[in-house]
Amino acid sequence: QLQLVESGGGLVQVGGSLRLACAASDFGLENYAIGWFRQAPGKEREGVSCINSSGGRTNYADSVKGRFTISRDSAKNTVYLQMNSLKPEDTAVYYCASRVFGRLCAFREDWYDYWGQGTQVTVSS
């Protein structure tokens, strides 16, 4: 099966920045829609951002619009989530997910085929 690996999480102060990466092990990410989700302790997993297979369409949750940016680097077979102006409520485990040949993107979890195991983001206050 496709392997997705998240990286780039860590501890950051309020107002700081992190860049998360989602790398595919055995398939070109240009053929996948990629979604970023997060799950805080005691809460359900929620959609954060997504990008379709062509890279021409992106979506963001209202809570992160203007602060987060999703992008694709085809040469590195990696999708990034740049997170700026971080807030304590951004603290969560962040997951990337993929859907093969996804022309659209969505925050519906069951739309995706593969999931990574997550990377921890902690924003101190």
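Buried, as used here, means under 20% relative accessible area, exposed means over 50%, and partly exposed is in between (1.4 Å probe, protein chains only). Serine 85 is partly exposed, with a relative accessible area of 42%. This is a predicted model, so keep in mind that local features need pLDDT of at least 70 and side-chain atom pairs count only at pLDDT 80 or more, while totals for chains, interfaces and linings use all residues. Residues are numbered from 1 along each chain as its sequence is written, and side-chain values use heavy atoms, with hydrogens and water left out.

**Overall build**

- The protein chain has eleven strands and zero helices; both are DSSP runs numbered from the N terminus, with helices (H or I) needing at least four residues and strands (E) at least two.
- Its radius of gyration is 13 Å, close to the 14 Å that the globule rule gives for 125 residues, so the protein chain is as compact as a globular protein of that length. The radius is taken over C-alpha atoms, and the rule is 2.2 Å times the number of residues to the power 0.38.
- The C-alpha trace spans about 40 × 25 × 25 Å along its principal axes.
- Of the 125 residues, 44% count as buried.
- The accessible surface comes to about 6500 Å², and 45% of that belongs to carbon and sulfur atoms. These areas come from the Shrake-Rupley method with a 1.4 Å probe; for residues, only the protein chains shown count as cover.
- Take the contacts (heavy atoms within 4.5 Å) between residues at least 6 apart in sequence: 61% of them join residues at least 24 apart.

**The nonpolar cores**

- In soluble globular proteins, nonpolar side chains tend to be buried together.
- A nonpolar core is a set of buried Ala, Val, Leu, Ile, Met, Phe, Trp, Tyr and Cys residues joined through side-chain atoms within 4.5 Å.
- The largest core here has 27 residues, and those with the most contacts inside it are Trp36, Phe68, Leu81, Met83 and Tyr94.
- Two or more residues come from each of several strands, including strand 3 (18-24), strand 4 (32-39), strand 8 (78-83) and strand 9 (92-100). Strand 3 gives the most, with four residues.
- Beyond its neighbours within four places in sequence, phenylalanine 68 is in contact with residues including Arg38, Val48, Tyr60, Leu81, Met83 and Tyr94.
- There is also a second, separate core of five residues, among them Phe37, Cys50, Cys105 and Tyr112.

**Aromatic rings and charges**

- A search of the whole structure finds four aromatic pairs. Rings of Phe, Tyr and Trp (its six-membered ring) pair if their centres lie within 6.5 Å; planes under 30 degrees apart count as stacked, over 60 as edge-to-face and the rest as tilted.
- Tryptophan 111 and tyrosine 112 make an edge-to-face pair, 5.1 Å centre to centre with 90 degrees between the planes.
- Tyrosine 112 and tryptophan 115 have ring centres 6.2 Å apart and planes at 70 degrees, so this pair is edge-to-face.
- Tyrosine 112 counts as buried at 7% relative accessibility, whereas tryptophan 115 counts as partly exposed at 26%.
- One aromatic cluster is formed by Phe37, Trp111, Tyr112 and Trp115.
- The charged end of arginine 45 sits over the ring of tryptophan 115, 4.2 Å from its centre. For such a placement, NZ of Lys or CZ of Arg must be within 6 Å of the ring centre and within 35 degrees of the ring normal.
- The charged end of arginine 19 sits over the ring of tyrosine 80, 4.2 Å from its centre.

**Loop residues worth a look**

- Asparagine 77 is in the loop between strand 7 and strand 8. Its phi is near 55 degrees, a positive value in a residue other than glycine, and asparagine 77 counts as buried at 17% relative accessibility.
- Serine 85, from the opening, is in the loop between strand 8 and strand 9. Its phi is also positive, near 50 degrees, in a residue other than glycine.
- Serine 53 lies in the loop between strand 5 and strand 6 (58-60) and is buried, with a relative accessible area of 16%. Leaving aside neighbours within four places in sequence, its contacts include Glu30, Tyr32, Arg72, Phe101 and Arg103.

**Near the start of the chain**

- Leucine 4 lies in strand 1 (residues 4-7) and counts as buried at 6% relative accessibility.
- Leucine 4 and alanine 97 are 93 residues apart in sequence and 7.6 Å apart in space, C-alpha to C-alpha.
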